Amino acid sequence: MSLLPGRVYRTIRAALHALRRNVMRSALTTLGIVIGVGAVIAMMEIGQGSSRAIRESIARSGADNLMIQPGAASSGGITFGGGSGMSLTPQDAEAILRECGSVRAVAPVVRTRTQVVYGNRNWIPVFIHGTVPAYLDVRGWRDLQEGEAFTDQEVRNASKVCLLGQTLVRELFDDQSPIGQEVRVKNVSFKVIGVLSRKGANMMGMDQDDILLAPWTTIKYRVSNTQYVQSGQNTGSDASSGGTMGRIYPGQTALYPERMASQLADTPMPVRFTNIDQIQVAARTPELVPEAIREIRLLLRDRHRLRADEPDDFSIRDMTEMTRQLKQTSDLMTRLLLIVAMISLVVGGVGIMNIMLVSVTERTREIGLRMAVGARARDILRQFLTEAVVLCMLGGAFGIAVGRGSSWMVRTALNWPTELSVAAIVASVAVSVSVGVIFGFYPAWKASRLDPIEALRYE
């Protein structure tokens, strides 16, 4: 304190001495600032915690993920809704990975919903997905809790192996290790070779850990027991290729014998292909999602031989719009909470102005006496302004403690996500000083404008 200029030091000491003369009134004066600053910090930390929880939920759900579904099937003038068509094949997935530069990983998916049985326990998981090992990369599930993932060879062999999610392990095995055990899916025995790491609920509230993953060939041909589908559209020259997903069983033998060129010209036949329920795609970065959508749409329209005037026989869904809406909602709620907290700061500032005006009235004779012995108007202005700023800074300090404590109580008692906001603390201190200057200036100015003679006569 001694390092400060003598005039400033004397002004601060006089201000503190004046405030100590009526401690209760000073404390009640700062109460509005304490509540306002505490509310600002608590609301900002709760808002930032909510935003972080939303970002984590989006990340778990896959901000860079795309879902490609077949279009709607129709019969007799009746449309069965989106996803009911049979227009997607494993070869489409291979082509997307091979030809779309914005795509990082691709996984075909075959879905079913049925009971999973182990011993005398049973459970119907939310998801039973037949897929390929790349699915774990697409969904950010690269690290397993234990065991190992199935391989491309096991997909080609339609091997009866599976991976279980945490919820399924809890319901069937009481959280005991299921590795090496067998579960039954529609009387088909699957050997458990791995357990997925915990992922939690997605943005729609669905439990992502309530899942069973297996080779898509096993789910389609052993569990669902579906056969090849006849289609009138040409799916491209790799429909019977020896690619990873095109070879259903091991070996280099094609699914169908190749016809001679003359046979193809004389007797064109529709291509038979294996349909899948959806294709999951991961873009290289979330920013490349629009480019990936454009490339996939052009590729699939070309592969499905769709004319320019024909609509897509597939749909591509991404999370961009949902992510944007959730972020906007979170930001809006944070701003609303901040506005409410700022209103309390304004109310606290008005309270300080009111009390400082009362203080000026009570100390009129003191002001007159100080002016009479040589104090100038700017000295009086500086003293009362310093008192207002000190009050606000004390209120800000207690408000920081109240805000941090409130944030901790919300996190502990209500289990709401919160996050420390250094910016909110710095802003609260700055706002406290600003409130002191703004709302303390008028009382200080009024005190400095008093006439010394009239002030000494004041009763």
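Reader: Is Phe 173 buried or exposed?

Author: Buried means under 20% relative accessible area, exposed over 50%, and partly exposed in between, with a 1.4 Å probe and protein chains only. Phe 173 has a relative accessible area of 6%, so this residue is buried. The model is predicted: local features need pLDDT of at least 70, side-chain atom pairs count only at pLDDT 80 or more, and totals for chains, interfaces and linings use all residues. Residues are numbered from 1 along each chain as its sequence is written, and side-chain values use heavy atoms, with hydrogens and water left out.

Reader: How many aromatic pairs does the structure hold?

Author: Rings of Phe, Tyr and Trp (its six-membered ring) pair if their centres lie within 6.5 Å; planes under 30 degrees apart are stacked, over 60 edge-to-face, the rest tilted. There are two such pairs here. Tyr 118 and Phe 173 have ring centres 4.2 Å apart and planes at 35°, so they are tilted. Helices (H or I, at least four residues) and strands (E, at least two) are DSSP runs, numbered from the N terminus. Tyr 118 sits in strand β5 and Phe 173 in helix α6, 55 residues apart. Trp 216 and Tyr 221 make a tilted pair too, at 6.4 Å and 50°. Trp 216 is buried at 0%.

Reader: Which residues have the most contacts inside the largest nonpolar core?

Author: A nonpolar core joins buried Ala, Val, Leu, Ile, Met, Phe, Trp, Tyr and Cys residues through side-chain atoms within 4.5 Å. The largest has 60 residues, and Ile 68, Ile 96, Leu 212 and Ile 296 have the most contacts inside it. A contact means heavy atoms within 4.5 Å. Leaving out residues up to four places away in sequence, Ile 296 touches several residues, including Ile 68, Ile 96 and Cys 100. Another core, of 22 residues, lies apart; Phe 439 is one of its members.

Reader: How many salt bridges does a search of the whole structure find?

Author: A salt bridge puts a side-chain nitrogen of Lys or Arg within 4 Å of a carboxyl oxygen of Asp or Glu. The search finds 11. In one of them, Arg 301 and Asp 312 bring their closest N and O atoms to 2.6 Å. Arg 301 lies in helix α9 and Asp 312 in the loop between α9 and β16, so the pair ties together parts 11 residues apart in sequence. Arg 297 joins these two in a network.

Reader: How many disulfides are found?

Author: A disulfide is a pair of cysteine sulfur atoms within 2.5 Å. The count is zero.
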